[in-house]
Amino acid sequence: DQFRADYLDRFHKEYTGGLKRLLDNSAVFADAHYNHSPTITAVGHSITLTGAMPSSSGIVGNEWYDRPTGKQVTSVSDPSTRQLGGESGKDGASPHRLLVSTVGDEIKLSEKWPTSKVIGISYKDRSAIMMAGRMSNGSYWWDATTGNFVSSTYYFDQLPQWAADFNKSRAVDKFAGQNWGPASGGTPFMMLPSTPGPAYWTGVAGTSYGNDILGMMAKAAIEGEKLGQRDSVDLLAISFSSCDTIGHRLGPHSPEIHDVALSTDKVLTDLFDHLEKTVGMKNVLVVFTADHGVAPMPEYMK
């Protein structure tokens with residue numbers, strides 16, 4: 001999310017793992033352009049695995065005024081659903097406003113792979129939901145009030161056991177009290193609250209540690225759903241949101257963005273290593289892209 005194309009070139013020599021592997025050994029589309037507007041999260045994520053422009057997908061923004069109800073709605077708000085895994089009674093979210101099918105939807109519709117599974121994971125509900133599509137086996141996003149990955153009754157009546165177990169493990173709290181600082185050393189950018197709670201759960205998503213947490217959740221999904229380990233084709237869509245949070249706050253030329261780019265490289269290394277052990281990377285197709293970029297800070301432009 002917000003991973004500008006120039007981050008690949010600017011930090012290429014510093015990548016040692018996942019991004020280096022992709023840059024050096026994959027097809028790299030260096031002259032690709034957006035055909036849509038606005039280039040914001042919900043729109044970008046809806047296009048990534050549908051190819052459909054806003055005029056046909058129905059996703060014209062992160063939020064908009066809905067004439068039939070006379071209310072402001074988000075791209076995934078759905079009062080007919082309830083959130084699962086977080087605060088009780090809270091409205092859930094769903095892809096019901098997405099009017100077209102995703103790659104995952106088409107896989108599940110195929111007679112060749114009737115048992116395929118599609119899973120979406122992100123810090124943002126719209127990111128996890130839009131890429132996974134209407135037939136997803138489950139989309140999961142972060143709830144900063146509870147520190148849990150949540151979902152909604154659109155997908156199931158209760159969280160799958162593996163997801164509930166992951167939340168219960170409190171693995172996400174391992175970074176409490178830690179300094180977030182440059183990987184090369186030096187003055188830390190910030191220190192996270194020492195006690196797990198809303199302040200920590202909100203703060204950690206805006207650091208490079210957010211990548212690590214999403215990586216842990218992705219590995220839990222691979223194990224829990226046995227993705228790629230059955231006679232079928234599965235799709236796992238992960239949107240790393242921390243880059244977006246940091247970029248909006250500090251701009252694309254900040255040392256914090258440098259750090260989160262290197263963190264992305266490392267977390268992908270860990271994810272690929274896990275896939276090698278469980279699935280075998282020869283059986284995995286990896287696609288890496290971004291939904292949009294970010295403009296330089298005014299001081300930098302001046």
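Tutor: Buried means under 20% relative accessible area, exposed over 50%, and partly exposed in between, with a 1.4 Å probe and protein chains only. Helices (H or I, at least four residues) and strands (E, at least two) are DSSP runs, numbered from the N terminus. This is a predicted model, where local features need pLDDT of at least 70, side-chain atom pairs count only at pLDDT 80 or more, and totals for chains, interfaces and linings use all residues. Residues are numbered from 1 along each chain as its sequence is written, and side-chain values use heavy atoms, with hydrogens and water left out.

Student: Why is strand 10 called largely enclosed?

Tutor: Four of the five residues of strand 10 are buried, so the rest of the structure largely encloses this strand.

Student: Leu 236 sits in strand 10. Why is Leu 236 called partly exposed?

Tutor: Its relative accessible area is 27%.

Student: What does Leu 236 touch?

Tutor: Contact means heavy atoms within 4.5 Å. Leaving out residues up to four places away in sequence, Leu 236 touches Ile 119, Ile 121, Ala 218, Ile 222 and Leu 227.

Student: What makes strand 5 and strand 10 a pair?

Tutor: Two strands pair if DSSP finds at least two bridges between them. Strand 5 (residues 118–122) and strand 10 are joined by five bridges, so they qualify. They run parallel. Ser 122 stands opposite Ser 239 in strand 10.

Student: How do you know that strand 3 pairs with strand 7?

Tutor: Two bridges link strand 3 to strand 7 (residues 148–152), in the antiparallel sense.

Student: Why is helix 3 called mostly covered?

Tutor: Seven of the eight residues in helix 3 (residues 41–48) are buried. Among them are Val 43, His 45 and Ile 47. The cover includes helix 4 (54–57), helix 6 (125–132) and strand 10.

Student: What makes a set of residues a nonpolar core?

Tutor: Its members are buried Ala, Val, Leu, Ile, Met, Phe, Trp, Tyr and Cys residues, joined through side-chain atoms within 4.5 Å. The largest one here has 68 residues. Those with the most contacts inside this core include Phe 3, Ile 121 and Trp 142. Apart from it lies another core, of six residues, including Val 118 and Ala 237.
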